[in-house]
Structures are given as C-alpha cells and as structure tokens.
Amino acid sequence: MKPVIVVHGGAGRIFKEQEKACRSGVVRAVLRGYGILKRGGTALDAVEEAVRSMEDDPHFNAGCGSVLNEKGEVEMDAIIMDGKNLASGAVSAVKCVANPIKIARLVMEKTKHVLLTDQGAHLFAQAMGVPEIPEEKLITERSQERWKKNLEPDSNPEEFQKDLGTVGAVALDSEGNVACATSTGGLSNKLIGRVGDTACIGSGGYADNYSGAASTTGHGESIMKVVLARLILYHMEQGMSPEMAADTALDYMKTRVGGLGGVIIVNNSGEWAARFSTKQMSWATVKDDQLYYGIYTGERHTKSVDEAFASESEEF
C-alpha cells in the first residue's frame, strides 16, 4: 500500500497577510508526517507529528497561537484515533502544555479511558512527565488583540470566529492502517469549560480501517450536531467517493443547522479529499511522492516531494 497523508490548518477566512504563513505551515506539517510514512512508520505517528508541527506554529489556532476564552486563558482540545482497532484518546480544556495531541495519545495508550478533561487531564499529563509551560508562551499578540476586541460592547465575536481554525491530519500507511488527529484552541472568548467538536469522537475526527479517516474543522457546535466525521465515513461506506461524501455531509450541515466547516479525508484505498464550505481552508497532501496544497476553492499547487523537502524553508 502506498502511503498518503492529508493535513488542514483550519477552515474559515484567512486574511491576505496570513496566507503565505498558512501555506508554509501546512506544507511543513505534511512533509514531516510523510517523512515518517516514507520510512515505513505508522499512520498514527505520522498524524501526531503533523499536528504537533502545527501546534508549534503560532499562525494556527492550536497549541501556541490558540485563541483565548472569556477570561483571557488558553483552553485546548485534541483527539487522536487509530483505525486498526478504533483505539482513541482525547483531552479537553487543557492548559499550560505545548502539544495537547501528545497527551491525547497518552490517554489512548496509557489509560482505559478515551477522554480526560481540565484538571484531570492536567494531573495525568504531570504523571506522564509531560512538561508544563507558562501560559504566556502559548498566547500570541494576535490572540490577545482579538480577545480584547471581542470584549468591546459593540463587538461581534461571531464575525471574529470566521478567521479561526482547527488543525488536523489523516493518513494511510504502508500496512493499510488509517489514523486521524485533530487539535484546537476552540472559539475566541468562549465560556470557561466550553468543549467543541474536536475532542468528541465522530465529530472532530474518526478513523476506521474498514472505510477511512476524517478530520474536521469549522463551527464546533454545528459539527457536533451532525457528528460530521462519522457521517462522512458513513457516506463512504455506502459507496461514495471521499469528495462526494464530504460535499454531501457539509451540505447537510449547512442546510440542517446553518453551520460551515471543512474536512480532510483519506479512504482505505488511498483516495483523498480536502473540502470546505467556508471561504477558505489551508490544506496539503502527499501521495505518490507528489505534494499538493492550497487555500482557496479550486487552488491546487503541485511539487515533487524531493523538490518540496529541498525548499522547505522557502515561502509557499
């Protein structure tokens, strides 16, 4: 089986001055994940590495760069899932860690549970030796400005949500196993303790070797109502291509609950899709040693992987 990996940096509105950094960020992430697959590594390791790369990139709403809740704090959610046996791990409302996706994987592998939250997740991370970092290291100037703007009496937080995104990755490895991983800082100025779709199996992501893997992004409450990731895999199980399954599910979410979003998918035979109903979504994929990436509907740049690795430091 030839390996495939797809990543997204969030669906929504990407401002012009952010486009270059978002393209570079998803390309860097997909190349890191693909490097693992190319060496015979697992889909699980590849999606974790790709998401970790974007958590460390301040241009994305995950890890460093996460948006702030109503009190000006960072609370993050993450999920990871192994399509081989449906093993899953998730965390919600975690603070003071650089890579929530790492804790989600530890939950999957070191506990009998699927989801740990807030203080419980914090204590578990400490027990596992995950380094704690000062919260200010996760807060960017951009996140702080947005938070302050949303506190103004005439502000419209809904408008500011449009340029926010979750990060995610899906992969198929050479053994035919699929996996997904998703991570986010959530909604700007959200209520303390709010948990969105990302940490919820079937909403923020789902992976099953019998069909494929999906990672979602967009308006979390809408995604949860239609269980978007699992809905897409259901459509694929009924015979739809990844692209058709994504479009059908996104259209249903839009017409049924008025929600916009995006998704990346790979099926168990290596077909992939990156689809969105928002204005933009940064995404990248590698298949057959070819890199593809874009932000706008219809945008699809292509490079050979060798060329991309050689010029990874360049601006995309």
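Me: Where is Lys279 found?
Reply: In this predicted model, Lys279 sits in the loop between β10 and β11 (280–287).

Me: Is Lys279 buried or exposed, and why?
Reply: Lys279 counts as exposed because its relative accessibility is 59%, and exposed here requires over 50%.

Me: How far apart are Lys279 and Tyr296?
Reply: The two are 17 residues apart in sequence, and their C-alpha atoms are 7.1 Å apart in space.

Me: Back to β10. Which sheet order includes β10?
Reply: The order is β7-β8-β9-β10, an open sheet of four strands with antiparallel pairing. Its edge strands are β7 (205–208) and β10 (272–276), each of which pairs on one side only. On average, neighbouring strands of this sheet are turned by 10° against each other, ignoring direction.

Me: How many bridges pair β7 with β8?
Reply: Four bridges join β7 to β8 (residues 212–218), in the antiparallel sense. Asp208 stands opposite Gly212 of β8.

Me: What does helix α8 lie across?
Reply: Helix α8 (residues 228–237) lies across β7, β8 and β9 (261–267), and runs at about 140° to β8.

Me: New topic. What does UniProt place at Thr166?
Reply: The unreviewed UniProt entry places the feature "active site" at Thr166. In the model, Thr166 lies in the loop between α6 (157–161) and β5 (167–172).

Me: Buried or exposed, that Thr166?
Reply: Thr166 is buried, because its relative accessible area is 5%, and buried means under 20%.

Me: What is Thr166 in contact with, leaving aside neighbours within four places in sequence?
Reply: Its contacts include His8, Gly9, Gly10 and Asn61. Thr216 and Thr217 are also among them.

Notes
Residues numbered from 1 in each chain as written. Predicted model: local features only at pLDDT ≥ 70, side-chain atom pairs only at ≥ 80, totals over all residues. Heavy atoms only, no water. Pairing = 2+ DSSP bridges. Helix = DSSP H or I, 4+ residues; strand = E, 2+ residues; numbered from the N terminus. Axes fitted to C-alpha atoms, helices over the stretch in contact; angles between N-to-C directions. Contact = heavy atoms within 4.5 Å. Buried < 20%, exposed > 50% of the residue type's maximum accessible area, 1.4 Å probe, protein only. UniProt positions renumbered as here; feature names shortened; annotations may be inferred.
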